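Hi everyone, thanks for making time for this.

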Amino acid sequence: MVYLKCHDCGHLNEVRSEYMTFCSACNKKLVNNFPNWKEKNPEKSFDDFKQLACVSEHEMNKIAVKPGSTTKGIKYWIGFSVAFALFYVIGHYGGETIVRFLKSEKTSKQVLQQEWIKETYGDFGLTVETPFKMTKTDLLIPDDVRQLIDKMDVYNYTSAKGFKVIINSIKYNPVIGEGNLKGAADGAINEMKIQRGVTDLKYVEESVSIKAIPGFIQRGSYKMDDIGIEFINTGFSEGLIFWQVLVAFQANDEVGRIAAGRVIQSIEINESNIVL
């Protein structure tokens, strides 16, 4: 089974037919239904649509439950919410907000020539080098997710055109037991995949580490409103703390690609700087 998210009410609709165009929960038209998607992808089939634009039951299960876990009930929803707390950030900025800025113009060459700023962001020792100082932002997340988080530091900048950077650090509430690295990695991709207008999402993932802190790095691309976007998403987890850095740029923006790689290479985690 595969599902298509309604962007009006958030309901996940089971896709049984290529003729499904309305949400079964709120009865509003699904933005990314198959007929609309087919107009932009005439060479692709319904099976391609289910693979590229929908979320499978297997993918949903990977978000919700830790590998090897069979526990249901509250632990199921805690696992889902922990992953959601991270990929909500990525989906929110990795979707409409980033595209709104990316599609206006490419990254200026001046970005590579100017002096970059190396700074520690938040209370959990995450240091990143960027061409501009990042700005702390508040992110509205559901109450049932927020109650699982002791502290969340989100930084971005939206004044400059071209490539984008999102920095996010989370300290979870001890009720969750421990962070779910794989759940966050899977959830990040799946939430990005079901953002309004996102199609043809492809990515590769590999395990990485910083000072023995385990993590992942995802490199991929997707189309949004027919604009090619590339991204690099990294996440690291130790105990109850999760660190994440996302960079995204237009596919034909070579300067943005170079700048994005420089940001990712600059990531440091200094645990001695963690403020608990």
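Let me begin with a single residue. Glu254 is partly exposed, and its relative accessible area is 46%. One thing to keep in mind as we go: this is a predicted model.

So what does the side chain of Glu254 meet in a salt bridge? The partner is Arg257, with 2.6 Å from N to O. Both residues sit in helix H8, and because they are three residues apart there, about one helical turn separates them. Arg257 is partly exposed too, at 26% relative accessible area.

Now stay with helix H8, which covers residues 254–265, and look at Arg262. This residue forms a salt bridge with Glu129, and the closest N and O atoms are 3.7 Å apart. Glu129 belongs to strand S5, residues 124–130, while Arg262 is in H8, so this pair ties together parts that are 133 residues apart in sequence. Glu129 counts as partly exposed at 22% relative accessibility, and Arg262 counts as partly exposed at 30%.

How many salt bridges does the structure hold? There are twelve. Another one joins the side chains of Glu268 and Lys118, at 2.9 Å from N to O. Here Glu268 lies in strand S13, residues 268–274, and Lys118 in strand S4, residues 117–121, so the pair ties together parts that are 150 residues apart in sequence. Glu268 counts as partly exposed, with 38% relative accessibility. There is also a network of salt bridges, which links Asp123, Lys136, Lys151 and Asp153.

As a bit of background, side chains of opposite charge can pair when their charged atoms come close.

Let's turn from charges to the nonpolar side. In soluble globular proteins, nonpolar side chains tend to be buried together. In this model, the largest nonpolar core has 28 residues. Which of them touch the most other members? Those are Phe163 and Ile167. Elements giving two or more residues to this core are S5, S8, S10, S11, S12 and our helix H8. Strand S12 gives the most, with five residues. A second, separate core holds 14 residues, including Cys6, Phe34, Phe49 and Cys54.

Is S8 mostly covered or mostly open? It is mostly covered, with nine of its nine residues buried. Lys164, Ile166, Asn168, Ile170 and Tyr172 point one way from the strand, while Val165, Ile167, Ser169 and Lys171 point the other way.

What does S8 pair with? Strand S7, residues 149–156, pairs with S8 in the antiparallel sense over seven bridges, and Tyr155 stands opposite Ile167. Strand S12 also runs antiparallel to S8, joined by eight bridges, with Ile241 of S12 opposite Lys171.

Three strands form an open sheet in the order S2-S1-S3, with antiparallel pairing. The edge strands, each pairing on one side only, are S2 at 12–14 and S3 at 55–56.

Notes. Residues are numbered from 1 along each chain as its sequence is written. This is a predicted model: local features need pLDDT of at least 70, side-chain atom pairs count only at pLDDT 80 or more; totals for chains, interfaces and linings use all residues. Side-chain values use heavy atoms; hydrogens and water are left out. Two strands pair if DSSP finds at least two bridges between them. Helices (H or I, at least four residues) and strands (E, at least two) are DSSP runs, numbered from the N terminus. A salt bridge is a side-chain nitrogen of Lys or Arg within 4 Å of a carboxyl oxygen of Asp or Glu. Buried means under 20% relative accessible area, exposed over 50%, partly exposed in between (1.4 Å probe, protein chains only). A nonpolar core is a set of buried Ala, Val, Leu, Ile, Met, Phe, Trp, Tyr and Cys residues joined through side-chain atoms within 4.5 Å.
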